[in-house]
Amino acid sequence: MNDNRSGGEGLQRKLSPLNVWALALGSIIGGGAFVMPANTFLPNAGPLGTLIAMAAGAIIMVVIALNYSYMINHFPVAGGEFTFTNASFGPTCGFLCAWFLGLSYLAIVPLNATALALIGRNLFPNLTQWGYLYSVEGYSIYAGEILLAIIALVLFAVFSIRGVSVAGKFQTVLALSLVGCVFLLAIAALFSPHASASHLAPAFTTDATGKSSLGGILAVVAVAPWAFVGFDSIPQASEEFNFSHKKSLVIMVLSILFGGALYVILNTITAAVLPEGYTSWVPYIADCAKDTLPESLAGFTALPTFNAARLILGKPGLVILGIALFCAVLSGIIGFYMATSRLLDSLSKDHVLPGWFGRLHPRYKTPMNAILFIMIISLCCPWFGRTVLNWVVDMSSIGAAIGYGFTSAATLVQVRRNKDTSAWMTINSILGVIFSLCFIALLIVPNPWAYLGPQSRIALVIWTVMGAAFFLYTRRKKAAEKAIDA
């Protein structure tokens with residue numbers, strides 16, 4: 001790694017193990033966890049199918065996390081996947097990995113910011129839903145919601161610049177609050193008259209739609225790279241650990257397990273807690289999707305997870321869920337501000353990006369310009385609405401899978417270079433590569449389960465072409481600079 005900064009100007013080591021766990025969990029669980037039960041998990045796999053899929057996804061992520069842990073201990077610097085790939089396969093593969101991984105990270109920052117609108121629309125509609133501007137793909141754009149997203153993006157950019165220690169502590173408060181609120185709702189649901197195990201039938205979507213159970217499970221497993229993206233923010237911040245890097249594996253595994261548990265709890269509550277008149281989640285989820293709930297349910301929203309919280313504890317339940325969502329959204333913004341800026345900082349150190357991206361704040365020693373760049377890009381996104389953003393996020397699963405695949409392949413290379421006699425790490429790294437290739441294949445090879453939609457495929461092609469153009473430009477620029485120096 002070619003760092004053009006002196007040792008005294010590097011990133012500061014101020015993150016504790018709890019801070020890092022909170023960073024990872026807060027990045028894993030964002031606003032999507034509160035929406036996906038109704039629009040992805042239940043329609044595709046059903047309650048039990050989702051449980052199986054998320055368990056499988058978590059196990060796969062733990063396997064991949066073992067590879068990350070191995071690489072962190074050998075490369076304990078910021079940059080994560082880019083650093084691992086660059087050291088193992090050279091700058092071309094390093095750029096390829098970073099380009100697609102950067103999309104996954106960058107897209108989640110504005111997506112979480114726009115998720116604040118979900119809180120406004122379901123809890124305080126008069127506060128944010130004003131100043132109608134236009135609609136994009138059926139999604140209404142309001143000035144109040146855009147203003148809310150802008151305030152959040154600017155505020156947390158400033159917050160992230162002011163220091164990793166402050167951001168880490170705040171992230172910890174958010175993550176613990178998120179876990180506490182979701183578990184509180186889960187416990188309350190056990191005693192709610194509106195919750196019943198019988199509501200969870202059918203256990204698989206196949207019973208209602210004719211799809212195969214396996215196909216539905218695969219459709220949910222395919223989004224695991226996106227659903228769990230965030231545990232890999234740990235290596236991005238490894239240069240800022242104030243503890244031994246050997247603890248990184250335990251922290252990653254715990255963040256994955258907690259993340260999977262929160263996804264399953266929110267999904268199960270959504271299916272099990274139904275209003276009067278419904279005995280199964282299938283017609284209820286369908287009515288919510290079409291926004292055709294009976295008149296007797298006036299005041300209920302088209303988001304079943306919010307309705308479940310309301311049925312469990314009334315308005316206090318809505319407040320608790322709102323707090324959980326608020327914490328998830330803010331922790332996601334902070335987490336990916338940190339992860340993305342550290343990735344850009346690492347690219348700058350290796351001269352893949354201009355040195356401007358690696359400039360640190362003179363007082364707080366954070367990658368100030370990288371954070372400002374992320375903020376500027378993110379400020380453009382709320383104007384397009386969540387529908388368009390979801391197209392980008394859909395393909396960001398591929399970016400995450402590419403990062404996982406390169407890291408696993410780099411682990412295999414480093415095991416051999418280090419003459420490591422551990423047969424398990426060799427097997428584990430190969431498994432990581434295979435799993436990553438399967439994720440990518442499910443998304444880009446035509447199939448009836450998880451094939452990307454046409455808009456997402458177009459966005460993927462555009463991003464790929466942009467990356468190729470940028471790579472050729474930087475390579476020619478470097479060649480010209482070497483010619484001048486010679």
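Start by selecting Phe384: with 48% relative accessibility, Phe384 counts as partly exposed. You'll find Phe384 in the loop between α16 (368–380) and α17 (385–417). Keep in mind on this tour that you're looking at a predicted model.

**The patch around Phe384**

Together with Phe384 they make up a nonpolar patch on the surface, and the accessible area of the five comes to about 510 Å².

**Colour by confidence**

The chain averages 85, and 95% of its residues reach 70 or more. Which helix has the lowest mean pLDDT among the elements of the chain, and which the highest? The lowest belongs to helix α8 (residues 206–209), at 53, while helix α12 (residues 248–272) has the highest, at 94. Then go to residues 1–8, where the pLDDT is below 50. In the model, this stretch still has 16 contacts beyond near neighbours in sequence.

**Into the core**

Hide the surface and head inside. The largest nonpolar core holds 143 residues, and the members that touch the most others are Met61, Phe231 and Tyr337. Helix α15 (residues 315–349) supplies the largest share of this core, with 18 residues.

Zoom in on Tyr337 and show what surrounds it. Setting aside neighbours within four places in sequence, Tyr337 contacts Val109, Leu153, Phe156, Ala157 and Ser160, along with Ile371, Ile374 and Met375. There is also a second, separate core of 11 residues; Leu42, Leu274, Tyr284 and Leu297 are among them.

How many salt bridges does a search of the whole structure find? The search turns up 1. To see a salt bridge, select Lys349 and Asp345, whose side chains meet at 3.6 Å, N to O. Both residues sit in helix α15, 4 residues apart, which is about one turn of the helix. An α-helix has 3.6 residues a turn, so residues three or four places apart point the same way. Are Lys349 and Asp345 buried or exposed? Both of them are buried.

**Just past α15**

Move along to His351, in the loop between α15 and α16. Check the backbone here: His351 isn't a glycine, yet its phi is positive, at about 65 degrees. His351 counts as partly exposed because its relative accessibility is 43%.

Now select residues 304–313, which form helix α14. This helix is mostly covered, with 8 of its 10 residues buried. The buried ones are Pro304, Thr305, Phe306, Asn307, Ala308, Ala309, Leu311 and Ile312. Just after α14 comes Gly314, with a positive phi of about 70 degrees.

Go back to the loop between α13 (281–290) and α14, and pick out Asp291. Asp291 is a residue other than glycine with a positive phi, near 60 degrees. Is Asp291 buried or exposed? At 59% relative accessibility, Asp291 is above the 50% cut-off, so Asp291 counts as exposed.

**Over to α7**

Which residues does Ala188 touch, leaving aside neighbours within four places in sequence? The contacts are Ile312 and Leu313. Ala188 has a relative accessible area of 16%, so it counts as buried. For a sense of distance, draw a line from Ala188 to Cys380: they are 192 residues apart along the chain, and their C-alpha atoms are separated by 40 Å.

Follow the chain on into the loop between α7 (164–190) and α8, and select Pro202 there.

**Last stop: Thr407**

Finish in helix α17, at Thr407. Thr407 is buried, with a relative accessible area of 0%. Show its contacts, not counting residues up to four places away in sequence, and you'll see Asn67, Tyr68, Met71, Glu81 and Phe84. One more distance to draw is from Thr407 to Leu111: 296 residues apart in sequence, and 26 Å from C-alpha to C-alpha.

Conventions
Residues numbered from 1 in each chain as written. Predicted model: local features only at pLDDT ≥ 70, side-chain atom pairs only at ≥ 80, totals over all residues. Heavy atoms only, no water. Core = buried A, V, L, I, M, F, W, Y, C linked by side-chain atoms within 4.5 Å. Buried < 20%, exposed > 50% of the residue type's maximum accessible area, 1.4 Å probe, protein only. Helix = DSSP H or I, 4+ residues; strand = E, 2+ residues; numbered from the N terminus. Contact = heavy atoms within 4.5 Å. Patch = residues over 30% accessible without salt bridge, like charges linked within 9 Å, V, L, I, M, F, W, Y side chains within 5 Å. Areas by Shrake-Rupley, 256 points an atom, 1.4 Å probe, with all protein chains shown as cover. Salt bridge = Lys/Arg side-chain N within 4 Å of Asp/Glu carboxyl O. pLDDT = per-residue confidence, 0-100.
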